[in-house]
Amino acid sequence: MSDMTDAQLLDYAAGLSSAPSSDEHDEGSASVDRAAASLSSTGVPALEVARAAADAAEFKGAEDVCIVDLTEFSDVCDYFVIATGSNTRMVDAIVDEVEEKVAKTCGEHPFSIEGREERSWILMDYGSVVVHSFTPEAREYYRLEKLWGDAPRV
């Protein structure tokens with residue numbers, strides 16, 4: 001899979017907040033309880049994957065690491081892990097550490113990793129958890145925490 005541009009990554013992240021159109025729900029469909037986070041592909045709770053990713057990012061020296069709980073806000077994923085590396089090499093190193101530690105502790109591997117070419121914003125898609133590793137400038141520019149400002153932090 002080819003790397004996404006920063007604009008495509010933002011569209012992806014912003015698209016997670018889109019409400020389903022009315023034609024996607026018929027009146028007879030059961031409601032989904034979004035309060036409960038899903039399990040990962042190996043049966044590990046999504047929050048455990050998110051915490052392992054956040055711990056790995058902090059261990060590697062990431063700054064301002066946060067977990068955003070999207071269980072009430074998104075049908076696409078349950079948690080964002082957002083971290084900042086001081087430069088592009090650090091952003092890349094954070095991703096390597098997260099990939100290694102999440103695989104070791106949770107048995108999970110990302111479905112895809114996007115943005116590795118530019119290295120200012122790298123997105124790791126674990127399905128129920130999406131990890132964002134930013135340079136300080138990219139994090140300030142895209143402001144995912146503001147985009148998802150109503151979602152609680154773990």
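Five strands form an open sheet in the order β1-β2-β5-β4-β3, with mixed pairing. The strands and helices are DSSP runs numbered from the N terminus, a strand being E with at least two residues and a helix H or I with at least four. Two strands count as paired if DSSP finds at least two bridges between them. β1 (63–69) and β3 are the edge strands with a single partner strand each, so one side of each has no neighbour in the sheet. On average, neighbouring strands of this sheet are turned by 15 degrees against each other, direction ignored.

This is a predicted model, in which local features need pLDDT of at least 70 and side-chain atom pairs count only at pLDDT 80 or more, while totals for chains, interfaces and linings use all residues. Residues are numbered from 1 along each chain as its sequence is written, and side-chain values use heavy atoms, with hydrogens and water left out.

| Hairpin | Bridges | Residues between strands | Glycine in the turn, phi |
|---|---|---|---|
| β3 and β4 | 3, antiparallel | 6 residues | G115, about 95 degrees |
| β4 and β5 | 5, antiparallel | 3 residues | G127, about 85 degrees |

D125 of β4 is the bridge partner of S112, and D125 also has V130 in β5 as a bridge partner. I113 stands opposite M124 in β4.

How many of the 5 residues of strand β4 are buried? The number is 5 of the 5, so β4 is largely enclosed by the rest of the structure. Buried means under 20% relative accessible area, with exposed over 50% and partly exposed in between, using a 1.4 Å probe and protein chains only. W121, L123 and D125 are buried on one side of β4, and I122 and M124 on the other.

Helix α3 lies across β2, β3, β4 and β5 and runs at about 15 degrees to β4. Axes are lines fitted to C-alpha atoms, for helices over the stretch in contact, and angles between N-to-C directions run from 0 to 180 degrees.

The axes of α2 (residues 46–59) and α3 (residues 88–106) come within 8 Å and cross at roughly 135 degrees. The two helices are therefore oblique to each other; angles under 35 degrees count as roughly parallel, over 145 as roughly antiparallel, 65 to 115 as roughly perpendicular and the rest as oblique. Residues in the contact (heavy atoms within 4.5 Å) include A52 and A53 of α2 and V98 and V102 of α3.
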